[in-house]
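This briefing is written for a reader who wishes to check the packing of two elements residue by residue. Please keep the sequence and the model open while reading.

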Amino acid sequence: MTEPPVKQQTTNAFYGQAVASFAISLGAVAVGIGYLDASAWVRGFLAIAVLYLTTSAFTLSKVIRDRQEVDQIVSRVDQARVDRLLAEHDPFAKP
């Protein structure tokens, strides 16, 4: 039979860098909107747009991850079926 695939796990450094990058970029945009020379309505609209973009990016990444996990499960089930057929097949058996 085949061995199960190695579970890939990110390092703490990669996780920390991703969180820090997200926090810095969101903070920079917030400061930029705060200092923008525009009316409060324009700054409010931009702030809401950034929040909407952020939440939709999180949703998109979750959907992509979920689809990838489903594909891996289906692939493993198909591989198990093939392994079972190969294990049961006797090429020297008389028909």
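Leaving out neighbours within four places in sequence, Leu 26 is in contact with Val 50 and Thr 54, where contact means heavy atoms within 4.5 Å. The model is a predicted one, in which local features need pLDDT of at least 70 and side-chain atom pairs count only at pLDDT 80 or more, while totals for chains, interfaces and linings use all residues. Residues are numbered from 1 along each chain as its sequence is written, and side-chain values use heavy atoms, with hydrogens and water left out.

- Leu 26 lies in helix α1, helices being DSSP runs of H or I with at least four residues, numbered from the N terminus.
- With 30% relative accessibility, Leu 26 counts as partly exposed, a class that lies between buried (under 20% relative accessible area) and exposed (over 50%), using a 1.4 Å probe and protein chains only.
- Leu 26 and Val 50 are 24 residues apart in sequence, and their C-alpha atoms are 8.4 Å apart in space.
- Val 19 is also found in helix α1, and its relative accessible area of 41% makes it partly exposed.

**Helix α1 against helix α2**

- The axes of α1 (residues 12-34) and α2 (residues 40-88) come within 9 Å and cross at roughly 165°, the axes being lines fitted to C-alpha atoms over the stretch in contact, with angles from 0 to 180 degrees between N-to-C directions.
- The two helices α1 and α2 are therefore roughly antiparallel to each other, the word used for angles over 145 degrees.
- From α1, Phe 22, Leu 26, Val 29, Ile 33 and Gly 34 meet Arg 43, Leu 46, Ala 47, Val 50, Thr 54 and Phe 58 of α2.

**The aromatic pair**

- A search of the whole structure finds 1 aromatic pair, for which ring centres must lie within 6.5 Å.
- The rings of Phe 22 and Phe 58 have centres 5.4 Å apart and planes at 70°, so the pair is edge-to-face, a label given to planes over 60 degrees apart.
- This pair links distant parts of the chain, with Phe 22 in α1 and Phe 58 in α2, 36 residues apart.
- Phe 22 itself counts as partly exposed, at 36% relative accessibility.

Notes:
Parallel < 35°, antiparallel > 145°, perpendicular 65-115°, else oblique. Phe/Tyr/Trp six-rings, centres within 6.5 Å; stacked < 30°, edge-to-face > 60°.
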